[in-house]
Amino acid sequence: MADTTTEGSRDGGRRSGIALGLMPDRPRQGGFGPATDRSWSSSPYRHPAAGWGAALSVGEVLVRQQQPVLGTRAMFIMNHPVRGFDCPGCAWPDDKGVRLDICENGIKHVTWEMTRKRVDRDFFAAHTVTELAGWTDFDLEDQGRLTEPMSYDAETDRYVPIRWHEAFALIGAELRALESPDQATFYTSGRLSNEASFLYQLMAREYGTNNLPDCSNMCHEASGRALTASIATGKGTADLEDWELCDALFILGVNAASNAPRMLTTLAQAVDRGAQVVHVNPLNEAGSTRTIVPHEILDMARFKTTETSTDNLQVRPGGDLALIRGMAKAVFEAAQDDPGVLDVAFLEMYTTGLDEYRAIVEATTWAELVEQSGLTEADIRRAAGVYLASERTVISWCLGVSQHEHGVDTVREIVNLLMLRGNIGRPGTGPSPVRGHSNVQGNRTCGINHNPTEAFLARLDEVCGIRSPRGRGLDTVHTVAAMHAGRVKVFVGMGGNFVRAAPDTPFTAAGLQQCSLTVHVSTKLNRSHLVHGGKALILPCLGRTEKDEQRDGVQGISTEDAMSSVQLSIGARRPASPHLLSEPAIIGGIARATMPESSTPWEDYVADYDRIRDVMSQVLPGFEGFNELVRQPYGFRIPQPARERDFRTPSGKAEFSHAPLPDVIPEDADVLVLQTMRSHDQWNTTIYSNDDRYRGVKNIRELILMNRRDMRDRGLEEGALVDIVSTSKDGSTRTVRGFRALEYDVPRGSAAGYMPELNVLIGAADFSAQSDQPLMKSIRVRVTPAA
């Protein structure tokens with residue numbers, strides 16, 4: 001594969017750009033978005049997270065989106081337990097003890113959706129796709145809400161209006177014309193509701209394929225595979241009440257202030273009640289220090305801050321497994337003097353593989369653990385001391401753990417450590433992954449899975465009267481490869497911005513362009529709409545805040561949070577356009593046009609979502625009585641056998657893993673390990689501004705955060721222009737040019753920068769053999785002064 005070169009920002013106003021028009025040469029005139037011709041700045045952030053900074057930011061967003069009144073009103077019904085809508089942002093669970101359970105990022109997300117701006121047929125008539133490809137990602141989304149279905153016209157290089165029935169007919173014709181159903185792929189982002197997710201996978205399987213890639217393939221696939229192998233559930237067993245009961249809480253690879261801001265309240269409360277809260281992250285983030293809880297009005301007025309941690313450990317990227325194993329080593333050492341340190345009764349009754357694990361841990365030297373973790377032995381023993389002193393421990397993690405080659409092994413090691421002291425299946429304990437988008441966990445629960453179990457498929461077939469395919473489908477990275485090779489010819493995306501979210505951006509774009517048809521169901525214009533197949537459709541859908549009125553009345557949808565609670569969400573706002581359809585209606589329309597003889601009652605499902613939920617209650621374990629349960633205040637929690645110490649693994653017990661300690665240190669001392677991340681003013685691929693408040697960065701995104709000594713070794717001053725070259729697993733290289741090097745508190749030998757700008761550095765071959773996840777937190781790079 002040829003090298004990919006990305007031109008970066010330079011003094012002359014060059015923009016970060018990549019092949020195929022994925023990024024512009026310069027910002028569109030008059031656009032508010034990333035711009036390199038403005039001054040930028042960087043300084044340490046020394047203030048508490050949330051508080052007045054968040055309040056001021058929210059005010060600016062409400063004004064910018066022209067929604068000061070309706071946006072404020074939305075705050076009072078977002079995450080409301082009876083009559084509100086579920087926040088379309090993160091998947092943090094609703095706190096039953098908080099009346100105004102909102103955060104800065106959630107309000108940004110909602111007002112971004114509620115904007116008065118519109119992208120209608122006149123807009124598309126005025127701009128060719130080639131022209132739009134030169135706009136920034138910000139400018140594309142900032143044009144406002146899509147208003148009607150559009151079809152690409154190659155002769156004029158413009159999107160033109162198309163009627164809904166014509167769009168469905170086009171999709172149906174293309175899908176029926178394929179030689180095999182496996183030449184189509186059906187992608188899902190985390191915004192899709194449970195009901196739409198169930199219909200979507202039902203449509204794909206009745207059509208004849210398990211090609212159901214989703215955003216989980218890029219974020220928590222490692223977590224699901226690891227937990228399933230260890231305790232036979234793909235989800236964490238802890239819920240919010242367990243977080244509130246635990247004595248010790250370990251947070252690994254999580255930037256709470258930006259990715260799950262409502263978590264700050266729980267962390268502050270934990271510290272207040274005397275719990276130990278240990279953050280583990282290469283970056284010492286603002287959310288791991290102190291906060292002002294916004295809904296505590298008196299604290300806001302007095303500028304009262306609350307600590308959100310009792311300790312911070314800065315591991316090297318990928319060093320989490322070494323830390324956890326070191327803690328286990330300290331536990332086994334303590335057990336030599338006091339056997340009661342181990343929960344012997346739990347281990348004997350509920351687990352298998354302990355002796356082999358103990359032998360591996362004892363054979364691992366402290367020197368190895370120190371080298372691979374990037375911590376001192378004293379650091380590791382201090383963390384172990386917290387664990388040993390705790391009667392009830394929760395360990396939580398996010399992408400800083402999962403997006404590595406050995407992500408599955410690391411999550412399994414976390415479970416190993418928890419099992420040593422019986423910290424699974426009792427109050428105040430358990431593994432607890434922090435999921436990202438609002439219903440990414442619900443998507444998987446409801447069948448969005450490229451590798452479903454036979455039990456699920458058999459039950460689906462029995463209840464729905466179809467014959468599902470049994471072959472393994474394509475996940476995200478293999479979908480991209482299949483499109484590129486011509487094995488996938490139709491791409492349907494329900495939400496998201498696939499070309500910007502996936503790794504190896506030019507490779508992904510080229511794959512989409514080789515499709516005969518690309519279909520994107522979206523609320524706003526984004527980059528993926530401009531990187532299209534021979535035929536292309538943009539289908540606009542309702543937002544989470546909007547009223548969904550179908551033939552049989554106003555409908556509600558449901559979502560599942562990161563801790564397995566399912567709640568009802570009912571939008572109330574007038575839709576942005578009378579031509580918008582709901583996601584279930586779009587799926588039903590595609591399904592009927594593709595399979596006109598299908599006996600599945602697609603029209604009845606769309607008319608009343610209760611009918612969908614009735615079927616789901618027969619197919620999905622734990623959803624029995626779904627319609628009644630979901631209408632309770634705060635909905636219901638899906639039962640988990642593992643939470644009751646019923647481990648349905650092949651052995652019938654929770655299984656210790658026996659992975660070797662990985663070597664996470666590059667052989668070449670000149671190579672840095674780069675991790676990509678979001679800025680604070682960003683949600684997934686949606687960028688609200690150029691600023692990253694909690695990292696002290698303003699007006700710049702084309703940057704790399706580096707350790708001071710690493711900068712000095714390379715002769716770099718603060719703000720120096722640099723070129724970044726990555727080397728892929730297959731030996732190919734990729735380059736971005738003219739990024740700015742900024743000093744930041746990261747461990748020596750590591751670096752960090754923003755996605756999606758740096759996704760181009762992740763090659764098509766750079767995914768974990770354990771999870772098939774792209775290695776977004778483990779990119780090997782060289783940084784040199786700009787040529």
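Modeller: Ala, Val, Leu, Ile, Met, Phe, Trp, Tyr, Cys and Pro count as nonpolar; Asp, Glu, Lys and Arg count as charged; the others, Gly among them, are polar. This is a predicted model, where local features need pLDDT of at least 70, side-chain atom pairs need pLDDT 80 or more, and totals for chains, interfaces and linings use all residues. Residues are numbered from 1 along each chain, and side-chain values use heavy atoms, without hydrogens and water.

Colleague: How many cavities of 30 Å³ or more does the search find?

Modeller: Rolling a probe the size of a water molecule over the atoms shows where empty space is left. On a 1 Å grid over the protein atoms alone, a cavity is a set of points where a 1.4 Å probe fits but cannot get out; a pocket is an open set with protein on both sides within 12 Å along at least five of seven lines; lining residues have an atom within 4 Å of a point. Points join across faces, edges and corners, and volume is the space filled by probe spheres set on them. Here the search finds 12 cavities.

Colleague: Which residues lie nearest the centre of the second largest cavity?

Modeller: Gly543, Arg544, Asp548, Ile557 and Glu583, out of 18 lining residues. That lining divides into 5 nonpolar, 7 polar and 6 charged.

Colleague: What is the volume of the largest pocket?

Modeller: About 1200 Å³. Of its 38 lining residues, Thr228, Ala232, Thr233, Gly234 and Thr453 are closest to the centre. The lining splits into 13 nonpolar, 16 polar and 9 charged.
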